[in-house]
Amino acid sequence: MEDLLTIETAANSVIKNSLNKPSPDSVVSALIQIEKQSKKQDKKYNIEQLSGNWQLCFITGTKKTRKRAGIVLGAGRYVPNWVKISLSYFSPLNTSETPEQLEIGRVENTVEFAGLKLSLSGPTKFIDKKNILAFDFTKITVKLLGVKLYSGYIRGGQESEDKFATESVGKQAFFAYFLIQEKFIAARGRGGGLAIWGMPLRGS
């Protein structure tokens, strides 16, 4: 319960731009413990629980090591208030009748700072047995002070989108979600890093 509260407080501190932030080390420790509990309890989530707009609040880096561990967690850090990074998941377009029950939806990742708004979007698929959401960014939109400067497919984006559903998850970027709550979520990325997102306040 204490670990869950630490993660919730970390997310709220960024959403509300509060100075009352748990230490990065305590947040990383809480994330690791919650991830272990989730695996032990074999928790299952679904894509509908992720639908909506989420603001990135906290991330950890990774660093390579020559030891057997391969890649280990680097230091955790809060996303600074001068940049806003949000991740929006949209409801699945369909559910394919496959052994893995892939649910195909859309994602948009937006970065905003100094009047510039950069958005990357593309398809997603959710593997409910593993709580893994794979994604690919195939389109880009650039706006400056609300004026659209460019919008279109990234090079090779159309082809990537066409084969996304059938391509192996092992070849794609993905997040393995181990915590999904109403106001905050947490996951481990393919590269090994951890992240927390919070639900933005209305009007923000």
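Is tyrosine 78 buried or exposed, and what is its relative accessibility? Tyrosine 78 has a relative accessibility of 15% and therefore counts as buried, since the limit for that class is under 20%. The model examined here is a predicted one.

## Overall architecture

The protein chain contains three helices and eleven strands. Read from the N terminus, these elements follow the order α-α-β-β-β-β-β-β-β-β-α-β-β-β.

Of the 204 residues in the protein chain, 40% count as buried. The chain exposes about 11800 Å², and carbon and sulfur atoms supply 53% of that area. Among contacts between residues at least 6 apart in sequence, 53% join residues at least 24 apart.

## Strand β10 and its partners

Strand β10 spans residues 184-189, and five of its six residues are buried, so the strand is largely enclosed by the rest of the structure. On one side of the sequence, β10 pairs with strand β9 (residues 173-180) in the antiparallel sense, over five bridges.

Four residues lie between β10 and β11 in their hairpin, and glycine 192 in the turn has a positive phi of about 105°.

In soluble globular proteins, nonpolar side chains tend to be buried together. The largest nonpolar core here has 21 residues, of which Leu50, Tyr89, Leu133, Phe175, Tyr177 and Trp197 touch the most other members. At least two residues of this core come from each of β1 (52-64), β3 (84-95), β6, β9, β10 and β11. Apart from it lies another core, of 19 residues, including Ala10, Phe58, Ala186 and Ile196.

Tyrosine 89 illustrates the surroundings of a member of the largest core. Neighbours within four places in sequence aside, tyrosine 89 is in contact with Leu50, Ser51, Gly52, Trp54, Arg106, Val107, Thr124, Leu133, Phe175 and Tyr177.

## Aromatic pairs

The count of aromatic pairs comes to seven. One of them joins phenylalanine 58 and tyrosine 78 in an edge-to-face arrangement, with 5.1 Å centre to centre and 75° between the planes. Because phenylalanine 58 belongs to strand β1 and tyrosine 78 to strand β2 (residues 71-78), the pair ties together parts that are 20 residues apart in sequence. Phenylalanine 58 has 0% relative accessibility and so counts as buried.

Tyrosine 89 and tyrosine 177 form another edge-to-face pair, at 6.3 Å centre to centre and with 80° between the planes. This pair links distant parts of the chain, as tyrosine 89 lies in strand β3 and tyrosine 177 in strand β9, 88 residues apart. Both tyrosine 89 and tyrosine 177 are buried. Ring pairs also bring Tyr89, Phe135, Phe137, Phe175, Tyr177 and Trp197 into a cluster.

## Charges over rings

Tyrosine 78 has a charged neighbour: the charged end of lysine 21 sits over its ring, 5.7 Å from the centre. Lysine 125 lies over the face of phenylalanine 164, at 5.1 Å from the ring centre.

## Loop residues

Asparagine 131 occupies the loop between β5 (116-127) and β6 (132-135). Beyond residues up to four places away in sequence, asparagine 131 touches Lys43, Lys44, Tyr45, Phe126, Phe175, Ala176 and Tyr177.

Most residues other than glycine have a negative phi. Asparagine 17, in the loop between α1 (2-15) and α2 (24-41), has instead a positive phi of about 55°. Leucine 145 is also not a glycine, and its phi is positive, near 55°. Leucine 145 lies in the loop between β7 (139-144) and β8 (147-153) and is exposed, with a relative accessible area of 70%.

Terms used:
Residues numbered from 1 in each chain as written. Heavy atoms only, no water. Buried < 20%, exposed > 50% of the residue type's maximum accessible area, 1.4 Å probe, protein only. Pairing = 2+ DSSP bridges. Contact = heavy atoms within 4.5 Å. Core = buried A, V, L, I, M, F, W, Y, C linked by side-chain atoms within 4.5 Å. Areas by Shrake-Rupley, 256 points an atom, 1.4 Å probe, with all protein chains shown as cover. Phe/Tyr/Trp six-rings, centres within 6.5 Å; stacked < 30°, edge-to-face > 60°. Lys NZ or Arg CZ within 6 Å of the ring centre and 35° of its normal.
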